[in-house]
Structures are given as structure tokens and as C-alpha cells.
Amino acid sequence: MFKLTKLSAAFLSIIFIVFSFCSCADGSSGEVSSDDRSLDFKYEKYSDYVKITRYDGIGGNVEIPTELDGLPVQEIGDSAFENCDTVTSVTMPDSIEKIGERAFYNCYSLGEIHVPSSVKECGSFAFKNTTWYENNSDDFVIIGDGVLVAYKGKSNNVDVPVGVKKIGDAFYDSFNIVSINIPSTVEEISDGAFYACTLMKSIEVQNNDFYTVSDNVLYTSDMTRLLYCPPQSGGESLIVNEATIEIAPYAFANNSKLESIVLHKAITSIGSFAFDYCSELEDIEIPDSVKYIGDSAFNQCTSLKKVKLSNSLEKIAAGTFSGCRDLEQINIPSSVRIIEEKAFYYCTSLENVEVPETTSVAENAFDK
């Protein structure tokens, strides 16, 4: 039988301590090649590229390799460097195309970042709480191939610069913005891009091939997707365009003016938090064409009294009507197979609800 000697045990203990000290995080999985530089990275291999999932080096000046295991490094994954507060600078190769959500979040010592023009996409809070982000004094912080990651200006009336191609969560902290003008160069706007702009009254789009505005509501150019309605636009009622198929997540969030809305039969999907905190919305009829309603879609619609659900709906998602304290009447169609947790949480006026026998109901779905 093999026996571990005291000397061998001591040697292994030292090795373990050294590798524990060198790691800035734990609990990550991925592949490691024989390349010495790759020892600092956990990553996932795909057919034609690599995504870095975690950095485990000692920090300082970090150079992300162009290739790992013979494949180009194209993506820095979600939270890949999160909480690595020993990293002081990062240089990315021209192969990088995407930076994930919270990729460098809480890297407090990170003061210098080289982002190549190849980067076309950047997730939410990717650079939040880094020295580089906090010390950047530009009104518009733009990285890579025209990706707008932050607005730090003082103006309440914002003209997005020509050349910006994507708007992410740049306006997350911009509570005082009243109007925004989107140039022709913008090709993509993230869901919830203007979620925190609770004072927004108007939105304009200039000669853009991808987006348009109708009745002060932002749509994709073909009108099939409704992206955003400014909370202070002034309209108490709204008729959604007949071509619209999808209501995007956060589309009407924080709208304190909207009392009623007409949804046409073409609509198939209502995104998460779509009507979040629409405090004056009183009733809504969801057409039978709607097959999906996202989490917390009507969260805190405190004046909502009556809802007619789609007969094609299979799930009432978590928190869908949470906090709708005035809700008195709702039908649960036989098509609904599951009612998830806190779907009707704190609906204190809802007393009698007929639930089909075939529907599975979470234990706290109707908690008050």
C-alpha cells in the first residue's frame, strides 16, 4: 500500500498554500492548457473561440491572451474579474468582441483599461466600482466599436453622440434626464436602458434605420417591438401599434401617468418588469395571442383592479402581480399549468380566485 511520508505531506501543503495565495477567487470551473499564461484563466472552449470565465492570477498588470488552446479569445464572461481588487490594469487583445455583465465589477484598484475597437458588446455594470470608471470625467464614456457604457454629463436634455452604435446601461444612474435624442448611428439599445430615467418626458430618433418613435414611444423600425415609453410622457391612455409583437422588458416601468392601455391581437410576449410600478394603471386585457408574460411584469401596479389573462398563457411567472394591492378580479385560464412563487404576493384585495385543478400552485403564490 502507498504511504504518504511526512516530507511528502509537507511539500504538498506548501504547494497548496502557494496556489491558494495566488488565486484572487475560487469556485470556478474551466479548462487549463500547458501555456503558462493560461494558468491565470479559467475558460470555456467553443468550436471556434474561447470565453474567459474567471481570472485567478495575482493581479497587477493583466494582459489577456489573444489565443488559448489555439483558439481566439473573443469573450470575457460574466463576473470574470469580479472582486479581483489586486488588478491594476487590463489590456485586451483585438480578438475580444464581447465583455459580459459585471466582468470587472468591484475591481477597485483597476485604474487603466485598454479596450480594443473590436468590442461590440458590453454587459451591465461591467466596469462599475473600478477606479477607471469612477475617475473617467467624460460626459459620455464610449468604448470599443461605439459602445456607450456611461453618461456622466449634467444636462437634463441629452443628445447621444453621433458614432455611438450601442446603448447599454449608460443611463442607469441618470434620474434627472428629461429628454433624449438618439442619432442615426445607433444600432442596438439594451432592454431597460432608460429604466432609472423616471423624469423622462420625451424621446427622439434621428434618421435611424433600426429604431423609430411613434406617439412618443420607442419601437424597432418595423414596429414589431415596443422598447420604451417615457414615464412622464403625459398620456393617460395608449394604444399599442397594431404591428407590435413584443412588449420589451421594462418598457413602461415607473410610468406614473398611464391609466389604460390597449394591446392588439398580434402581441405574443410581455417582458419582465414591463409595467413595473405603473401606479395608476387600473385594468388591462391581455389578448389570447400572448403566450408569455415575464417575471414581475405588473409588479407594484397598486391601482390595478381588474385583469383578463390570455387563454394561451401557460405560466404565471414569479412576482407577476406582486404588490397589486387593489386587484380584485382575475381569471386563471385552463391553459395555465403553473403559478410560480409570489405571483400574487400582497394582493390584499384578491379574495376568491378559481384555479384550474390541473394547475400547479407554488406554496407562497398568494401570500399576503
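A pocket here is an open set of points on a 1 Å grid over the protein atoms alone, where a 1.4 Å probe fits, with protein on both sides within 12 Å along at least five of seven lines; its lining residues have an atom within 4 Å of a point. Grid points join across faces, edges and corners, and a volume is the space filled by probe spheres set on the points.

Keep in mind that this is a predicted model, where local features need pLDDT of at least 70, side-chain atom pairs count only at pLDDT 80 or more, and totals for chains, interfaces and linings use all residues. Residues are numbered from 1 along each chain as its sequence is written, and side-chain values use heavy atoms, leaving out hydrogens and water.

**Stop one: the largest pocket.** Its volume is about 420 Å³. Select E101, S124, D169, S190 and D191, the closest to the centre among the 20 lining residues. β7 (98-99) and β9 (121-122) are the elements that each give two or more residues to this lining; strands here are DSSP runs (E, at least two residues), numbered from the N terminus.

**Stop two: the second largest pocket.** This one holds about 350 Å³. Of its 25 lining residues, pick Y151, K152, A170, D173 and S174, the closest to its centre. Then colour strand β11 (residues 147-151), which gives the most to the lining, with 4 residues.

**Stop three: follow β11 into its sheet.** You'll land in an open sheet of 4 strands, ordered β10-β11-β13-β15, with mixed pairing. β10 (140-143) and β15 (188-189) are at the edges with a single partner strand each, so one side of each has no neighbour in the sheet. Strands count as paired if DSSP finds at least two bridges between them. β11 runs parallel to strand β13 (residues 166-167), over 2 bridges; show L148 and you'll see I167 of β13 opposite.

**Stop four: β16.** Buried means under 20% relative accessible area, exposed over 50%, and partly exposed in between (1.4 Å probe, protein chains only). Strand β14 (residues 179-182) runs parallel to β16, joined by 4 bridges, and S179 has S202 as its bridge partner.

**Last stop: T212.** Look in strand β17 (residues 211-214). T212 counts as partly exposed because its relative accessibility is 25%. Leaving out residues up to four places away in sequence, T212 touches V217, L218, Y219, T220, S221 and M223, where contact means heavy atoms within 4.5 Å.
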